[in-house]
Each structure stands twice: as structure tokens, then as C-alpha cells.
Amino acid sequence: MKTDIVGSLETITRVRGVRGAMIVSAEEGLVIAESSMEGIDGAAVAALTAGVIARLARATEAAGRTAPAFVHLQADGGALLAVPAPGELLVVAVTDPEVNVGLVRLELRRAAEHLA
Amino acid sequence: MSNEDIRVLTVQLAADPSSLVFLPLGEALRRRGQLEVAAKIAITGLTRYPELADAHDLLARILGDQGDLERAFDEWDIALRLDARHAGAHKGIGFLYYVAGDLPRALEHLEAAHAANPGAEGVAAAVARVREALALPPSLSGQIETPPVAHAVEPLPAPLPGGPVESGPAVFAGLEGAHDGLLLLDGSGLRLGGGLLAPDGSAVGDAVAAHLAGVFRDASRAVRLLALGTWRSVAAETADANLFLCAPTPDSLLLLVRDNSVPIGRLALHAERASDAARRWLGGAA
């Protein structure tokens with residue numbers, strides 16, 4: 001199982017422009033596994049990403065909508081992409097600004113399916 | 001264009017699908033009112049020539065005829081990004097601004113259309129009429145009943161869709177979703193304008209706004225921690241809706257919500273326009 005998870009993360013980080021990927025527990029905001037996260041404070045990113053997703057989920061619930069299935073936080077210098085996975089998990093990628101978002105989303109979803 | 005002409009164009013396109021003949025064929029079908037077929041031809045052409053301004057202009061005119069003015073605007077907007085002097089796109093957008101009651105912007109685009117193609121049908125007269133309308137006191141502007149270049153997109157819908165469902169200032173007047181699907185809030189999560197309805201019709205703008213302030217703070221922290229610079233937007237896809245959150249000013253947030261048939265990229269375009277309106281409104285309110 002651990003090998004599968006790491007393999008899924010490595011597939012994500014092979015996409016050009018992806019700086020790192022991780023699996024995060026959605027409730028606690030803890031890192032479960034990570035790949036190529038050099039220079040990135042994974043623990044802090046995990047906590048904040050889980051926080052953003054949880055707040056968005058509360059906002060969408062208040063709007064009478066379902067929880068987010070994909071979240072894309074765009075900044076000047078890059079992006080944070082996240083997809084919920086079964087078992088209260090999140091698959092997260094940190095990317096450069098020029099990344100192919102559609103391709104990363106695809107790999108995030110595949111990784112999430114592997115976690116099922 | 002006769003049936004025979006259309007048949008010839010159809011045969012030409014079948015023989016060479018990469019041909020630009022889809023442009024006159026799509027336009028001919030549009031003029032005949034065969035809008036669904038015309039749209040298919042335009043979209044197929046656009047898949048081959050996504051950077052051809054004329055193709056976006058064609059699709060915009062078809063969408064306009066179908067009454068989908070928001071998407072028509074987007075296609076003309078794309079055409080202008082590809083060709084800043086595209087007469088058809090300036091004319092179309094000028095018309096849409098006229099319909100929305102934004103006469104200064106209508107005039108700006110109609111004059112650009114006239115400058116790009118002085119011989120374009122009806123544009124000079126349209127410029128004159130909008131100039132005339134602008135010279136009238138605001139209360140009289142509405143007396144001009146006939147749109148200046150109505151042949152661009154017919155039939156015409158009412159300028160402002162829907163009615164208000166949550167009270168508040170008309171920040172987004174003239175934009176689609178002004179009262180349902182566009183929300184402006186301050187950094188504390190208080191709704192400043194716009195509104196949002198749940199699928200059951202209940203007004204949920206205030207409740208949603210309260211949750212979004214936390215998203216703003218967490219997003220700012222996350223990008224700061226990652227040294228990603230300033231955050232620009234948060235987009236979220238759900239099973240039944242797409243959301244787009246951005247900050248028109250450092251102290252405000254804008255939320256767009258549309259059903260999930262509207263792709264995130266298009267939401268970003270809508271957000272640009274709504275952010276412009278929010279900045280104008282916030283500037284005026286200051």
C-alpha cells in the first residue's frame with residue numbers, strides 16, 4: 001500500500017512544473033506521505049491546505065452545494081492543487097505557475113482513486 | 001445566400017475539413033436561422049483554428065442569436081485578445097454594452113469598430129446614436145428604444161436579468177448573476193453586495209460570506225508559507241457547481257458560483273469583469 005501511495009505521488013511529481021506532492025489527512029491536516037517536497041514545509045502546507053479545503057466545504061455546504069471535488073489555489077509564483085480522496089484524505093500538489101493544471105488534476109484524481 | 005450556395009460550401013467543407021470555408025457557411029446558416037447547425041460548424045472550426053479571431057466572432061454572433069449573450073461576450077472578448085482591432089468583435093461587444101445600458105463602453109467599442117472598418121454596415125449610425133444618447137440627461141437615456149446595431153444579435157433579451165433576492169447595493173448591475181451567483185464581501189466575511197441562492201431558492205449569501213473570510217486568511221497564509229507570492233484566486237469544482245474566489249482589492253473578496261457546465265476558465269473571465277465592477281463600486285463608495 002505504501003509503495004502504491006509513493007508511486008502515485010511520484011507520477012504526479014513527474015508532471016512538468018510540479019514541485020511536490022503529498023497525501024494529507026483532511027481532518028487533522030497531517031502529512032501521510034510526500035514526494036519531492038524539498039524546500040517546502042510539508043507539515044505547515046498540509047495543515048493550511050486541509051484548513052482551506054475544510055472552510056471551502058463549509059461554504060459550499062452553506063450554499064446548498066456538495067463538497068469540493070477539486071480545488072485550485074492560484075498565486076503569482078505558483079499554485080496549490082488538491083483533490084479529496086476516500087478515507088478523509090487529500091492529494092495535494094504544489095506547482096510552478098506555468099504548470100498544465102488539467103494534467104495535474106488528472107494525476108491527482110488517479111492518485112485519489114488508487115487510495116480507494 | 002441561396003440553397004445551392006450553401007450546398008456548395010457544405011461539399012467544400014466535407015472535402016476539406018481544414019478549409020476556412022466553415023466561416024461563410026456558418027454565417028450563412030446563422031442568417032437563415034439554422035443556429036444549432038451553425039454552432040456545430042463554428043465550434044468544429046474553432047477546434048482547428050482556436051486562435052482565429054473570425055471564428056470566435058462567428059460563434060459569438062450565433063450565441064447572440066441564441067440569446068446566450070454572456071457566452072457571446074466571452075467569444076468576442078477572446079476575439080479581441082487575438083486581434084485587438086477586430087471590427088466584428090468591437091461591434092458585437094459595443095452592442096452588448098448598449099443593451100446593458102453602459103453607453104460609454106458601448107461608444108468606445110463602436111468607435112473602435114468604425115475605425116477598424118469604416119464601411120461596416122450600420123456602425124457609423126450606431127456611433128451617432130450612442131453619442132446622441134450620451135448627450136441626453138441620464139433619465140432620458142432610456143427613451144432610445146432601438147438598439148444601434150440590432151442585426152448583430154437578435155432577438156434581444158431584457159437588459160438586466162432577474163430581480164434582487166437579497167437586498168443591497170447594485171454592485172454588479174448589468175452583469176449576469178448580479179443577484180444570484182455573485183457575492184462581494186469584506187475581509188471579515190460581511191456581505192457588501194450581490195447575492196447567492198441555494199438550489200432550493202433560499203438566500204444564502206450572508207452564510208456563505210461568513211465562511212469565506214476564513215478561506216481568504218488560510219489561502220494567504222498557505223501561499224506565504226510556500227513563497228508563492230500573492231494569492232490570486234481559489235477555484236473549486238463540486239459535483240453540481242463551480243466556484244471562483246478572488247480579491248478585487250486587498251480588503252475585499254469576490255465569489256462567483258455557476259453550475260458545473262460553466263468551466264473554471266470561463267468563471268475567471270467573468271471574475272475579471274465582476275472585479276472591475278467591484279473596484280469601481282468600492283472606489284465610489286470610499
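How many bridges join strand 3 of chain B to strand 4 of chain B? Five bridges link strand 3 (residues 231-237) to strand 4 (residues 241-246) of chain B, and the two run antiparallel. Strands (E, at least two residues) and helices (H or I, at least four) are DSSP runs, numbered from the N terminus. Two strands pair if DSSP finds at least two bridges between them. Within strand 4 of chain B, B:Leu243 is the bridge partner of B:Ala236.

The model is predicted: local features need pLDDT of at least 70 and side-chain atom pairs count only at pLDDT 80 or more, while totals for chains, interfaces and linings use all residues. Residues are numbered from 1 along each chain as its sequence is written, and chains are lettered from A and ligands numbered from 1 in the order in which they are written.

An open sheet of 10 strands has antiparallel pairing, in the order 2(A)-1(A)-5(A)-4(A)-3(A)-3(B)-4(B)-5(B)-1(B)-2(B). Its edge strands are strand 2 (31-35) of chain A and strand 2 (191-195) of chain B, each pairing on one side only.

Strand 3 of chain A and strand 3 of chain B run antiparallel, joined by six bridges. Here A:Phe70 stands opposite B:Glu237.

Between the chains, 32 residues of chain A are in contact with 35 residues of chain B. Contact requires C-beta atoms, placed from the backbone, to lie within 7 Å. Helix 2 of chain A gives the most to the side of chain A that touches chain B, with 12 residues. Strand 3 and strand 4 of chain A are among the elements that give two or more residues.

Notes: Contact = placed C-beta atoms within 7 Å.
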